[in-house]
Amino acid sequence: MKLAFSTLGCPDWDITQVAEKAAEYGFDGVELRIKDDRHVDSKMSISERKAVREMFSSKGVEIPALAGYTVFCGDDTAELNSNGEMLLKNAQLASDMEVPYLRSFPGGRGITNWGIDALHRYCEKVKPLGVTVLMETHDSMKTGKQAAKLLRDVNSDGLAILWDIHHSITDNETPEDTWQAVGKHIHHLHIKDGDSAHKPCLMGEGVLPIPEIVKLLKEKGFKGFLSFEWEKTWIPELAEPEIVLPEYMDYMKKIMHEKAV
């Protein structure tokens, strides 16, 4: 397993700072958000895309995933196709930057037959770019059971799962049940801790069973990234990334290497 962080947690850093801090703190990778023209977006030129890729590579830091914000809920075909075209643009960005995964969302209104059809069509269009779309366990699809149904319905090997542990657990699904439902389709994780009121907190200070999940992943031979999702972009009063990112590394390395449970 490898350790990454999402740029959701460092909204005030520019892309150069992101790469430098990732290397300084010893991270294996960084998950870059495609949002608000902040770090990367589909309007970047080919040379700009290459420059970002080479900057991270020169520091020994991978970019395992781009976090897009497309959604595939509801039955408005124009809206679904608009999200599909944006997914395709984001996938081209990922391909040009040699990033294997692109995050998408199910959306809060539930994925209808129209959404399933759109997802199938656009995942098939994305496949030749060498990029896999990851649907995050979120919104109307929080559990592995729900994710398994979506994968069956969409029926495209261009679609896999990003497991956000917070959403499946707070929806009363055990980590073991999540893995049993979609384990072989989980390619990337969002890791975080939270208190009993679901407020983000430092790793190990909350109620989410992080050590048990890491133990499960090790037993199953998971080789992907555990990406720390610190929601400072949405909750500005949260601790600064200079505090939480090193803390995440220390905590996770202890669990992964000292076999803490």
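Helix α8 spans residues 210-220, and its buried residues are Ile210, Pro211, Ile213, Val214, Leu216 and Leu217. These assignments come from a predicted model. An α-helix has 3.6 residues a turn, so residues three or four places apart point the same way. Just past the end of α8, Gly221 adopts a positive phi of about 75°.

The structure contains six aromatic pairs. One of them joins Phe228 and Tyr248: the ring centres are 4.5 Å apart and the planes meet at 15°, which is under 30 degrees, so this pair counts as stacked. Phe228 belongs to strand β10 (residues 225-228), whereas Tyr248 belongs to helix α9 (residues 241-258), so the pair ties together parts that are 20 residues apart in sequence.

Both rings can also be described by their accessibility. Phe228 has a relative accessibility of 2% and therefore counts as buried. Tyr248, at 0% relative accessibility, counts as buried too. Phe228 and Tyr248 are also members of one aromatic cluster, together with Phe5, Phe27 and Trp230.

Tyr69 is a separate topic, as its ring has charged side chains over it. Lys35 lies over the face of Tyr69, and the charged end of Arg103 sits over the ring of Tyr69 as well. The distances to the ring centre are listed below.

| Charged residue | Ring | Distance to ring centre |
|---|---|---|
| Lys35 | Tyr69 | 4.7 Å |
| Arg103 | Tyr69 | 4.7 Å |

Notes: Residues numbered from 1 in each chain as written. Predicted model: local features only at pLDDT ≥ 70, side-chain atom pairs only at ≥ 80, totals over all residues. Heavy atoms only, no water. Phe/Tyr/Trp six-rings, centres within 6.5 Å; stacked < 30°, edge-to-face > 60°. Helix = DSSP H or I, 4+ residues; strand = E, 2+ residues; numbered from the N terminus. Buried < 20%, exposed > 50% of the residue type's maximum accessible area, 1.4 Å probe, protein only. Lys NZ or Arg CZ within 6 Å of the ring centre and 35° of its normal.
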